[in-house]
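Thanks for passing this one along. Here are my notes, written as numbered points so that you can follow them with the viewer open.

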Amino acid sequence: MPIHPIAPDSIFSTVDHDQHRQRRNAVNSFFSPASVHRLEHVLKENLGKVLARFDKHARSRSVVQMYYVFKALASDLITFYFFDKCLNLLDASDFGKAGFDTIDKFFLMTHIGKVLSWLMGLFTTATNWLVRILFSDLIDMRERRNHISSKWWSNAVRDIRNSPDPQRIKRTIFEGILSSKLPDSDKTDARMAGEAQLVVFAGEGTTAWTMHAALYQILANPVVCKKLKAELASLEPLADGIPPLAETEALTYLGAIIQETIRIHPGVISRQLRVSPEVPILYTDKIKGKEYSVPQGTVYSMSPLALLTFHHQTFPAL
Ligand code: HEM
């Protein structure tokens with residue numbers, strides 16, 4: 001499995017099954033619905049910024065590229081969850097477009113890297129001058145995120161650790177790592193900075209892609225758009241225009257749109273690797289009435305696109 005070029009020590013790059021389980025357990029509870037609800041005030045604050053920017057664009061009649069708005073929103077939110085502060089991309093005039101474009105180019109390269117794994121290794125380990133020649137479009141990402149920004153990330157870890165306010169660390173995912181039974185070698189500034197970068201990296205593109213695809217589907221399907229508007233109209237109008245999270249979560253039609261969007265436009269489309277370390281995986285072909293057994297320890301993978309869009313490849317009228 002290729003090691004993640006940005007965060008080689010992160011959950012994502014942990015190959016050993018038990019070590020991966022331990023590292024994951026340390027942060028699991030921070031992704032629970034209850035934890036997400038505790039972040040509601042941050043969500044509101046950031047959505048307020050988005051609405052203010054929309055107002056500005058509407059007044060100047062200028063085009064706003066939603067893809068970058070969604071990316072900046074996801075990035076600021078997730079980074080804040082780690083550090084109690086963020087890169088404030090929602091305040092940037094272009095919503096941090098250049099950095100996001102480079103990340104997209106990197107993801108394009110990962111498709112080739114699946115076949116030519118040495119390519120990803122080269123990108124990770126080669127010296128900067130060589131990367132500049134071989135991957136000129138991507139050097140910015142490696143330098144920005146690995147060197148300049150890594151200072152931002154490790155400084156932010158140190159800042160949180162040394163904060164005189166004990167509540168500050170409790171508000172962040174670091175609390176989970178620090179209070180876990182993980183060895184001290186897993187609690188260094190460098191590993192925590194890497195873990196944070198990975199989670200932001202994993203969360204910003206997927207979430208933004210989902211929102212972007214949902215917006216497209218809503219606008220491309222007038223019936224869906226009409227039904228959604230009718231459901232949204234049932235919410236109590238509020239001065240800031242942002243309804244409470246619990247109320248939006250209870251909207252079943254909106255929920256169905258989100259689920260269908262993730263099914264048809266999965267945020268991660270590459271084949272996802274799995275290994276059952278101790279027991280074989282049994283599969284029954286119901287049509288042929290045949291049973292197959294994949295021995296334990298076998299590495300296998302499935303394509304989310306093939307699995308999720310098997311029956312319907314288009315957005316149904318719901
Ligand atoms: C709609 C949004 C999202 C989608 C579609 C999505 C999809 C996925 C998928 C398919 C995987 C598994 C990859 C694999 O098994 O190889 C994954 C892993 C992961 N995701 Fe997400 N994700 C989303 C949002 C987020 C967010 C918001 C965060 C963080 C705040 C996040 C953090 C992670 C992490 C850390 C992993 C690695 C977990 C591990 O290795 O144990 N994701 N995501």
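1. Let me begin with a question: how many residues does helix α5 have, and how far does α5 reach from its first C-alpha to its last? This is a predicted model, and in it α5 (residues 97–115) has 19 residues and reaches 29 Å, close to the 27 Å expected at 1.5 Å a residue. The buried residues in α5 are Gly99, Phe100, Thr102, Ile103, Phe106, Met109 and Gly113. As background for reading that list, an α-helix has 3.6 residues a turn, so residues three or four places apart point the same way.

2. On to helix α4, which spans residues 66–83. With 18 residues, α4 reaches 26 Å between its first and last C-alpha, close to the expected 26 Å at 1.5 Å a residue. Most of α4 is covered, with 17 of its 18 residues buried. Just after α4 comes Asp84, which has a positive phi of about 65°.

3. How do α4 and α11 cross? In general, two packed helices are described by the angle between their axes and the distance between the axes. The axes of α4 and α11 come within 8 Å, and the crossing angle is roughly 145°. The crossing of these two helices is right-handed. In the contact of α4 with α11, 15 residues are nonpolar, six are polar and three are charged.

4. For His20, an N or O atom of the side chain is 2.7 Å from an oxygen atom of the ligand. For Arg24, a polar side-chain atom lies 2.5 Å from a ligand oxygen. For Arg274, the distance from a side-chain N or O atom to an oxygen atom of the ligand is 2.8 Å.

5. Is Thr309 buried or exposed? Thr309 sits in the segment after α15 (304–308). Its relative accessibility is 10%, so Thr309 counts as buried. A polar atom of the Thr309 side chain lies 2.5 Å from the backbone oxygen of Leu305.

6. Leu134 belongs to helix α7 (residues 128–134). Because its relative accessibility is 46%, Leu134 counts as partly exposed. Between Leu134 and Leu122 there are 9.4 Å in space, C-alpha to C-alpha, and the two are 12 residues apart in sequence.

7. Last, Asp159, which is found in helix α8 (residues 139–161). Asp159 has a relative accessibility of 33%, so Asp159 counts as partly exposed. Asp159 and Lys49 are 110 residues apart in sequence, and their C-alpha atoms are 25 Å apart in space.

Conventions. Residues numbered from 1 in each chain as written. Predicted model: local features only at pLDDT ≥ 70, side-chain atom pairs only at ≥ 80, totals over all residues. Heavy atoms only, no water. Polar contact = N/O pair within 3.5 Å; in protein donor to acceptor, adjacent residues only side chain to side chain. Axes fitted to C-alpha atoms, helices over the stretch in contact; angles between N-to-C directions. Helix = DSSP H or I, 4+ residues; strand = E, 2+ residues; numbered from the N terminus. Left-handed = near helix turned anticlockwise from the far one by under 90°. Nonpolar A, V, L, I, M, F, W, Y, C, P; charged D, E, K, R; others polar. Expected span 1.5 Å × (residues − 1). Buried < 20%, exposed > 50% of the residue type's maximum accessible area, 1.4 Å probe, protein only.
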